[in-house]
Amino acid sequence: MKRWAPPLLLLAALIGAWQIAASTGWLADALHLEPFLVPSPAEIAESLWQSRALLAENAWVTLREVLLGFGCAVLAGLAFAVALHLSDLLRRTFYPLLVASQTVPIVAIGPILVVWFGYGIAPKLWIVALICFFPITVNTLDGLRSVDPEATKMMRTLDASRGQILGRVEAPSALPYFFSGAKIAVTVAVIAALFGEWAGADSGLGVLIRQDSAQLETARVFAAMLVLSAIAIALFGLLALAERRVVTWR
Amino acid sequence: MMPATEAKDFAAAGASPAANATGAAIAIRDLGHSYGDLRTIERLDLAVPAHGVLGLVGPSGCGKSTLLELIAGLQEPGQGELEVGGARDPRGRLQRCAYMPQRDLLLPWLSAIDNAALALRNRGVRRAQARRDAGELFERFGLGGFERAAPAELSGGMRQRVAFLRTLIAGKPVLALDEPFASLDAITRAEMQEWLAAALSAHPRTVVLVTHDVEEALYLSDRVAVLSARPARPVEELAAPAPRAADRDAAVIDPQFVAVRERAMRALRKGSR
């Protein structure tokens with residue numbers, strides 16, 4: 001309880017200050033805006049409650065894109081990391097491409113993917129997977145390569161095959177690295193899904209936020225953002241939990 | 001009783017400990033090695049009889065660890081001959097030699113017993129059987145009750161014991177030990193030397209022991225080769241007066257032991273110039 005007190009207090013203080021500033025109209029005055037454009041936390045909470053069915057429906061769409069895209073990135077990332085680890089040639093060949101994958105501007109490629117793959121879930125999966133792939137692959141690869149060369153030598157004199165060295169020494173060493181990469185990936189995956197939906201979609205939190213911004217439904221924009229953050233925090237928490245369960249030796 | 005798999009594997013590797021012509025388990029003739037332009041070993045001749053223990057002492061960075069890796073088949077020598085249990089090719093040497101690195105390098109995700117049983121598991125022995133085989137040695141060598149402990153829960157001395165058992169359980173005729181007790185405090189080290197002496201009496205192996213501690217080398221080995229600074233050449237080879245004596249503390253203050261130790265120290269200082 002003591003551990004959580006400082007961040008909770010800070011959060012409460014910020015929300016309280018915002019509530020006072022917004023509900024007295026001071027914030028809107030300061031920004032020279034109409035009061036309905038500057039919702040107070042209470043109004044956001046009210047919008048969250050009233051639109052709960054709509055938000056949940058769209059959140060589910062976004063969550064599905066995040067989970068599927070992240071899942072694809074994990075599978076592809078692990079496969080790539082192992083392949084690049086085992087073959088010098090593959091590593092030299094593919095590493096630049098790997099880095100290039102991270103420099104692809106999502107805002108630019110999003111609409112193109114929609115043209116290629118349509119309005120369905122496919123372009124969102126591509127965008128989410130593309131964003132998640134890099135941190136997962138690079139971290140896992142670093143982890144596989146972090147093994148003490150002495151340990152590899154020791155294993156060789158204990159009759160280990162290449163596969164056994166990978167399975168018994170390198171893969172366990174890489175696990176904490178993989179989880180670091182996955183935790184970074186899953187938080188940006190949420191933003192990636194939002195971009196994917198902005199590029200072209202008929203449902204999802206990204207669509208909702210876009211429509212509500214256009215219609216100046218600011219309270220619900222904040223409410224949708226809140227849901228989005230909650231999804232990211234929950235996924236991050238689940239991964240941290242899984243890490244603690246799996247990586248018991250740290 | 002040794003694990004049943006051990007005897008089987010000796011036979012499988014075809015490694016009769018005295019397979020070569022000279023009757024030595026390890027024969028090194030005119031060995032030379034370099035890293036790029038750096039000569040690490042030059043014109044080295046050494047022989048270790050079956051079940052003999054050879055201690056190697058020399059100044060830091062003189063190529064002792066490289067020599068162990070060459071013997072274990074982890075590297076190929078630049079020149080000269082290297083024969084381990086009758087095998088000259090690196091694969092054959094790798095099959096006949098188990099290597100114990102300087103740090104214990106126990107895998108933190110495995111329990112003590114699973115670490116010790118790694119070689120058995122690598123050969124496809126089932127986990128339960130591997131644990132039973134390794135468990136017998138745990139009982140006998142003062143590790144009983146610590147089978148399921150995580151490496152992090154063990155003391156430095158215990159970790160070295162597990163690391164040594166891991167090397168022993170591999171069932172290879174030759175053991176290459178690289179400064180096995182360098183990380184331990186003086187008291188634990190003395191205990192571990194006695195422990196290793198007892199373990200080697202119970203399970204005789206051909207051993208090459210690298211250490212920077214002259215006293216340790218003379219207590220544990222039958223013969224000690226003092227190597228020069230890089231490139232490593234033998235300066236002097238000495239016979240130990242009372243190899244692996246039951247009472248270590250008495251053995252190391254025996255006047256004869258002290259005299260040989262001083263000779264070794266002089267050779268070491270001469271060789272490091």
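How many bridges join strand 3 of chain B to strand 8 of chain B, and do they run parallel or antiparallel? Four bridges join the two strands, and they run parallel. Here, two strands pair if DSSP finds at least two bridges between them. Helices (H or I, at least four residues) and strands (E, at least two) are DSSP runs, numbered from the N terminus.

This is a predicted model: local features need pLDDT of at least 70, side-chain atom pairs count only at pLDDT 80 or more, and totals for chains, interfaces and linings use all residues. Residues are numbered from 1 along each chain as its sequence is written, while chains are lettered from A and ligands numbered from 1 in the order in which they are written.

**Whole chain**

Now colour the strands of chain B. Six of them form an open, mixed sheet in the order 5-6-7-3-8-9. Strand 5 (97-100) and strand 9 (234-239) of chain B stand at the edges, each with a single partner strand, so one side of each lacks a neighbour in the sheet.

Start at strand 5 of chain B. It pairs with strand 6 (residues 174-178) of chain B in the parallel sense, over four bridges. Pick B:C97: B:V174 in strand 6 stands opposite.

**The covering helices**

Show helix 2 (residues 64-71) of chain B. It packs on the sheet, touching strands including strand 3 (53-57) and strand 7 (206-210) of chain B. Touching means contact: C-beta atoms, placed from the backbone, lie within 7 Å.

Next, show helix 11 (residues 255-271) of chain B. It lies across strand 3, strand 8 and strand 9 of chain B.

**Strand 8**

Zoom in on strand 8 of chain B. Four of its five residues are buried (20 or more other C-beta atoms within 10 Å of a residue's own, with C-beta atoms placed from the backbone). Click B:L56; its bridge partner in strand 8 is B:A225.

Then turn to strand 9 of chain B. Five bridges join strand 8 to strand 9, and these run antiparallel. Six residues lie between the two strands of this hairpin. Finish at B:R223, whose bridge partner in strand 9 is B:A239.

Methods:
Two residues are in contact if their C-beta atoms, placed from the backbone, lie within 7 Å. Axes are lines fitted to C-alpha atoms, for helices over the stretch in contact, and angles run from 0 to 180 degrees between N-to-C directions. A residue is buried if 20 or more other C-beta atoms lie within 10 Å of its own, exposed if 12 or fewer, and partly exposed in between; C-beta atoms are placed from the backbone.
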